[in-house]
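Trainee: I have a new model open on my screen, and I would like to walk through it with you. Could we take it one feature at a time?

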Amino acid sequence: MDIYNVEAAEILANEALLLPIGEAAPIYEKLLATFPTAVKYWKQYVEAYIAANDEETAKQIFSRCLLTCPHINLWRCYINFIKRVNSKRGSEGLEETKKAFDFMLNYVGNDVASGPVWMEYIAFLKSMPVVTPQEESRRMTTIRKVYQKAILVPTSHVEQLWKDYDNFENSVSRTLAKGLLSEYQPKFNSARAVYRERKKYIDDIDWSMLAIPSTGSYKEEQQCMAWKRLLTFEKGNPQRIDAAAANRRITFTYEQCLMYLYHHPDVWYDYATWHAKNGSTDSAIKIFQRAVKALPGSEVLKYAFAELEESIGAIQPAKTIYESLVAENASMTSLAHIQFIRFLRRTEGIEAARKYFLEARKLPSCTYHVYVAYATMSFCLDKDAKVAQNVFEAGLKKFMQEPGYVLEYADFLCRLNDDRNVRALFERALSLLPPEESIEVWKRFAQFEQIYGDLSSMLKWLAKNMSKKNDKSVMLTSVVGPTLDKGNVGVAANAKLLHQSARVVRPETSRMVIYDPRQIKGPVIAATSSGYTKEVDDIFKMLSPPIMSFITNLPAIEGPSPDIDIVLGVLLQSTLPAGHDVGKPSGPVPGAATTDLSGPRNQNGSVHRPPRDGQPTKRKAIERQEEEDAAAAAQNRAMPRDIFRLRQIQRSRGVAPAQSGSAAMSSGSMFSGEQSANSSS
């Protein structure tokens, strides 16, 4: 069950309103344990006790929520409760109410909605009875100070407060009012201008949102950005007030932000570090303590808290935090171990760090990262590579099956320029690692050999071990391939050293087709057992014997299979040169569609007919030239590449169905220009 379900919480709160306070109290406690900064639940809870006249319990609830929920509605509920309690106590009750107003305005007086509270406080002061002139003078002085504070706060009622202040000063002394009003006029103008700017940022904030853990929703991200913009605006001190007042305003904005972003560690961290940068270390420590209590699972906040304690010299509190981190994260202690080792080295020396490392390495939750961190730290401090190498070797006995550890050790040896041990480490690791986990190690080995060694030595070792693990063809592809691309031309000769049993996976070329972006993907056609499609087999049956002989005598194709429709289309559109008869003239072409296509041909493929009586006339020459031009124009027209489309064209032109197959193909392929001319005529 999701305890942070907002809809379910609203249903529970509405149900609690209908119950007596004795039955509703457990519901409120459950809600407030989940949403400790939910102002509406606190207000609803305390109002139930006030309605039941249980003043002591109401005071206890106010003490639990007021300082952590600086919301104007909750504080106004508090001041009304105080006024009600002290209404029958006379002058002592009035003094207690005055202290409550001062307490309230000290915390929420910078709220943009605090204008009515300032006005209510001033009205309360004016209503206080006085007896002596001295008391009257003190009351007027108090009212003046409250007015002067109120007009400096950029609230929605700042203009009304200025008008009331003007009337107040003029009612007391016009002479004194002139000087005071001229002094505070620029301050009021600044507050009014800042309010207009401040309101732009405040309008983007949803004041009814409940604090829940981060979900990454769009609304949540928008609210985070809105609060950060407001904080940036306040940190810029746009009103140019003194540093103490500006810091109080920024603190108030952070506290308001945490009511809605209670589960965001970055807000807590920014709040604490802002205090630390401004020199208020004690306030930063208090913020971190609240943050760790609010988010006990946030390791980032604990590490930051420990660093702050260490920076101010509080070694023992910092050590306590690190020890709690190690103890609380029993299953994931690598980072905690590493940070604690570094802390001990900084505060107690390298010997204390070594002692703890020897203890930590025996724990079952210790990972190879602890070995790497300690070995690196030891090498950097002692400048003794032997100690660090011994640590790496000790870890290698336990973490030889970890590719990450092998790579870290290899990097360390590379920094020492110990290429012999690097190769030995790679050979040991690759002989033990399973193929599917050794790809990164192979890549690093290839990179090392390319930079510091030679490829032939790597290939020799690879060939020697390939007979043991034939499945390393994957590594061969991923290692040798990138190296070939980087200019190693002599690999072809060295590749003969590879064992013949190495299985190289090649693409299945029988299923590859030539990509043509002009082609439109057609329907999927099932292939026959011969490897061709059924439609292609039907086409072969309709082809003429010479074409079939030509196709069957073509050499076998190794690689992508051509598209037969495209090939035939190109042949139909090609111009074949005229041949010279040698020896006996060849017989007529079998299956010819027409009988007037014999005889010598022009270069464009059209038939050349000699003139009658052997003497061509000028008119016949002109006609022949026109025929040749028409044949050339017909030849240049694109023929359909689809054989079935060609048959439809032949039928539409009156050619017999029996001739549409072989005759159309033979005459079309050999005499495409002449046929086109005759057909068009």
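Predicted model: local features only at pLDDT ≥ 70, side-chain atom pairs only at ≥ 80, totals over all residues.

Trainee: Leaving aside neighbours within four places in sequence, which residues is Phe62 in contact with?

Mentor: Residues are numbered from 1 along each chain as its sequence is written, and side-chain values use heavy atoms, with hydrogens and water left out. Contact means heavy atoms within 4.5 Å. With neighbours within four places in sequence set aside, the partners of Phe62 are Val46, Ile50, Leu74, Cys77, Tyr78 and Phe81.

Trainee: Which residues touch the most other members of the largest nonpolar core?

Mentor: A nonpolar core is a set of buried Ala, Val, Leu, Ile, Met, Phe, Trp, Tyr and Cys residues joined through side-chain atoms within 4.5 Å. Buried means under 20% relative accessible area, exposed over 50%, and partly exposed in between (1.4 Å probe, protein chains only). The largest such core has 152 residues, and those touching the most other members are Tyr41, Phe62, Leu74, Tyr165, Trp268, Ile341 and Tyr405.

Trainee: How many helices and strands does the protein have?

Mentor: Helices (H or I, at least four residues) and strands (E, at least two) are DSSP runs, numbered from the N terminus. Of the 681 residues, 40% count as buried. Among contacts between residues at least 6 apart in sequence, 60% join residues at least 24 apart. The tally for the protein is 33 helices and 0 strands.

Trainee: Is His71 buried or exposed?

Mentor: His71 sits in the loop between helix 4 (55–65) and helix 5 (72–85). Beyond its neighbours within four places in sequence, His71 is in contact with Val39, Met259 and Tyr260. Its relative accessibility is 13%, so His71 counts as buried.

Trainee: How far apart in space are Glu47 and Phe81, C-alpha to C-alpha?

Mentor: Glu47 is part of helix 3 (residues 39–51), and Glu47 counts as partly exposed because its relative accessibility is 33%. In sequence, Glu47 and Phe81 are 34 residues apart. In space, C-alpha to C-alpha, the distance between Glu47 and Phe81 is 9.2 Å.

Trainee: Which residues does Glu120 touch, not counting those up to four places away in sequence?

Mentor: Start with helix 7 (residues 115–127), where Glu120 lies. Glu120 has a relative accessible area of 18%, so it is buried. Not counting residues up to four places away in sequence, Glu120 touches Arg76, Asn80, Lys83 and Phe101.

Trainee: What is the geometry of the aromatic pair formed by Phe379 and Phe412?

Mentor: Rings of Phe, Tyr and Trp (its six-membered ring) pair if their centres lie within 6.5 Å; planes under 30 degrees apart count as stacked, over 60 as edge-to-face and the rest as tilted. The whole structure holds 44 aromatic pairs. For Phe379 and Phe412, the centres are 5.4 Å apart and the planes are at 90 degrees, and the pair is edge-to-face.

Trainee: Where in the chain are the two partners, Phe379 and Phe412?

Mentor: Phe379 is partly exposed, with a relative accessible area of 22%, whereas Phe412 is buried at 1%. Both Phe379 and Phe412 belong to one aromatic cluster, whose members include Phe357, Tyr368 and Tyr405. The pair links distant parts of the chain, 33 residues apart: Phe379 in helix 19 (residues 368–382) and Phe412 in helix 21 (residues 403–415).

Trainee: Which helix gives the largest share of the lining of the largest cavity?

Mentor: On a 1 Å grid over the protein atoms alone, a cavity is a set of points where a 1.4 Å probe fits but cannot get out, and lining residues have an atom within 4 Å of a point. The largest cavity has a volume of about 60 Å³, where grid points are joined across faces, edges and corners and a volume is the space filled by probe spheres set on the points. Residues lining the largest cavity include Asn110, Arg198, Trp207 and Glu234. The largest share, 3 residues, comes from helix 12.

Trainee: Is Arg240 buried or exposed?

Mentor: Arg240 is placed in the loop between helix 11 and helix 12. Its phi is near 60 degrees, a positive value in a residue other than glycine. With a relative accessible area of 63%, Arg240 is exposed.

How values were computed: 1 Å grid on protein atoms, 1.4 Å probe; cavity = no way out; pocket = protein on both sides within 12 Å on 5 of 7 lines; lining within 4 Å.
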